[in-house]
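Have the structure open as you read.

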Amino acid sequence: YEIEFKKEQGLPLRSRSFSAVLDEYFAMREKQASDVAYKNKDGVRRNSTSPHMLRQIQRVSKFWHEYCGKRSVDTVDDKVLQGYVDWRRAYYKNMPAEKRPRNAKLNPAAKTLEWETTFALTVIKFAHERGYRANKSLPRYRYKAARGVSRPAFTIYEYRRLYQAMRRWIWDKADNE
């Protein structure tokens with residue numbers, strides 16, 4: 001009866017944990033990376049997963065395994081994704097100093113959090129395509145990093161000084177033959 005009920009309601013017949021889906025996703029990306037040699041941007045052949053991206057996926061997966069690994073993938077929604085941002089900001093702060101990796105940053109950059117939540121959405125989409133979420137809609141939450149403060153434009157005075165310094169530099173370096 002349980003299977004019939006799940007079918008009628010459009011629920012997944014077999015529940016998969018977020019960690020299991022993450023492992024499956026990583027294995028797929030690892031296979032992509034090993035199938036074809038990855039070349040740099042000037043190379044002819046390119047694969048969708050570079051060795052650098054594979055390391056990044058592995059690094060970020062660690063946080064997602066810990067945050068919601070045991071949770072069923074079909075229960076990960078906007079609220080869970082939004083909660084990740086606060087959890088991730090406190091992750092290394094709550095860890096004893098001797099257990100922290102030596103290159104760990106206490107305050108992750110906004111772009112890091114943006115990438116990590118986008119990665120989770122990619123994994124959820126991967127699960128959705130494989131039918132692990134049944135007819136549940138995909139989460140729409142996206143953490144957006146605040147735009148950084150860019151340097152203001154040069155003032156007329158600064159521009160004039162820069163222009164004159166460049167002319168002097170060119171004059172000094174040029175061969176006056």
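Along the sequence, the protein chain runs α-α-α-α-α-α, with six helices and zero strands. Helices (H or I, at least four residues) and strands (E, at least two) are DSSP runs, numbered from the N terminus. This is a predicted model, in which local features need pLDDT of at least 70 and side-chain atom pairs count only at pLDDT 80 or more, while totals for chains, interfaces and linings use all residues. Residues are numbered from 1 along each chain as its sequence is written, and side-chain values use heavy atoms, with hydrogens and water left out.

Of the 177 residues in the protein chain, 29% are buried. Buried here means under 20% relative accessible area, exposed means over 50%, and partly exposed is in between (1.4 Å probe, protein chains only).

Now to the charges. The structure holds six salt bridges, each defined as a side-chain nitrogen of Lys or Arg within 4 Å of a carboxyl oxygen of Asp or Glu. Three of them are included here:

| Salt bridge | N to O distance |
|---|---|
| Glu 24 and Arg 130 | 3.5 Å |
| Glu 116 and Arg 59 | 3.6 Å |
| Arg 88 and Glu 116 | 3.0 Å |

Glu 116 forms a salt bridge with Arg 59 and another with Arg 88. Glu 116 lies in helix 5 and Arg 59 in helix 3 (residues 51-68), so this pair ties together parts that are 57 residues apart in sequence. Arg 88 sits in helix 4 (residues 78-91), 28 residues from Glu 116. Glu 116 counts as buried because its relative accessibility is 0%. Arg 88 is buried too, at 4%, whereas Arg 59 is partly exposed at 31%.

The side chains of Glu 24 and Arg 130 also meet in a salt bridge. Glu 24 is in helix 2 and Arg 130 in the loop between helix 5 (110-129) and helix 6 (156-173), 106 residues apart. Glu 24, at 23% relative accessibility, is partly exposed, and so is Arg 130 at 37%. Together with Arg 16, these two residues form a network of salt bridges.
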